[in-house]
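User: Please take a close look at one part of the structure shown here. Start with the whole chain, then zoom in.

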Amino acid sequence: MTAPTTARRRHDREILALAVPAFGALVAEPLFLMADSAIVGHLGTAQLAGVGVASAALTTATGVFVFLAYATTAAVARRIGAGDRRAAIQQGIDGIWLALALSAGVVALTLLLAPRMADVLGASATAAPYAVTYLRISALGIPAMLMVMAATGVLRGLQDTRTPLAVAVAGFAANLVLNLGLVYGAGLGVAGSAWGTVLAQTGMAAAYLFVVVRGARREQASLRPDAAGIRACAKAGGPLMVRTLSLRAVLMIATAVAAGLGDDEIAAHQIAMTVFLFIAFALDAIAIAGQAIIGRCLGASDVPGARAATRRMIEWGIGSGLVLGLLVVAARPLYVPLFTPDPAVQAQLNTVLLLLALCQPVAGLVFVLDGVLMGAGDGPYLAWAMLGTLAVFAPVALAVPASGTGLAGLWWAMNLFMLVRGGFLAWRARGGRWLVTGAVRA
């Protein structure tokens, strides 16, 4: 067996060992909201609408802090690569303290602005009270949600994606049991659903803390907050927050444009986005492996290893995108009728799914390189790249209604978004400025 073949197989084993459990954990996360919706749906339409609005608000309020996972993964992985496990865990603990600090403000704003948030998101007069109830109770689980993000980043940085999978599966099971018991058994309705989710999230945070604290004691790392370490986490996370906000702006613009095209168009767009986001879980799992592997390689000053791992993950990303795109097209007769029986919506959706599938190999490249550059701690470039991509996408998407190209035109704009983003990332990856070595990225 030749040396290149041996190296490829080693990279394959490592990528799979990290990506497969990461995919399971990513899929488990939206199951929380799906379980809530399924259970609350039997209470009535107003209750389901209220929970839907509240869930959208919570996802938006907490989703911008996903950098707690991304930045922590990269920082911890670097220190693991440098052979300093104690400093790695200490960095992770600082990330958890930052999550707690940030959550205080988010909880206060959510409690205060819950009625306004429900109104902005279009809750009807009958649904609004349920949305406010769900929001205010669920706000108590925000500290746990942000701590879970940071702690997940710690374990990924330690090259462990199996523990997050186990915690996510246990959390989903607990959420399901608690929701059934509190909504129907205790007769608490929407409030019971919110309390069940808060308790499940708190249990997940406790499980993560147990694992991290045990590791800290083993390595004799301090559990106290370190101001310098927390500031370092915030500094690394700031650009990634800009990146995330820019990405969310793209999705919001697309949704607003689709809504303005008509009911059939927005219905087809929302279904297509559901398919797109599910595919994203699979591709993001490879990106998570990239964050952990590249951070470790650069921490160990192994630039050739980082380059080789990047090349192999690019092959995985493009290949996975190609396979997933083909599945999207081939399986349309099976899943499209499950989403909608309306022939007009189905016709729109079938066209859009072809465009979605066409760009999946590019999406695979984008996700992988996004993870690689995150693992390298190249957050400022990722922020500028996403802002540049948004600047290209926004005018094109907003011109769709006037162009008369309809929903297909919007999804051509979505594909342009992926192509431009991929161009920015590929240009950076080809150079060497992101390959900064050492336990800490200067």
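How many positive and negative side chains does the chain have, and how far apart do the centres of the two sets lie? After that, please focus on helix 7.

Analyst: This is a predicted model, in which local features need pLDDT of at least 70 and side-chain atom pairs count only at pLDDT 80 or more, while totals for chains, interfaces and linings use all residues. Residues are numbered from 1 along each chain as its sequence is written, and side-chain values use heavy atoms, leaving out hydrogens and water.

Charges come first. The chain has 30 positive and 19 negative side chains. Lys and Arg count as positive, Asp and Glu as negative; His and the chain ends are not counted. The centres of the two sets lie 10 Å apart, with each charge placed at NZ of Lys, CZ of Arg, CG of Asp or CD of Glu.

The chain has 17 helices and 0 strands. These are DSSP runs, numbered from the N terminus: helices are H or I with at least four residues, strands E with at least two. Of the 442 residues, 51% are buried, meaning under 20% relative accessible area (1.4 Å probe, protein chains only).

Now helix 7. An α-helix has 3.6 residues a turn, so residues three or four places apart point the same way. After helix 7 comes G187, with a positive phi near 70 degrees.

Conventions. The expected span of a helix is 1.5 Å times one less than its number of residues. Buried means under 20% relative accessible area, exposed over 50%, partly exposed in between (1.4 Å probe, protein chains only).
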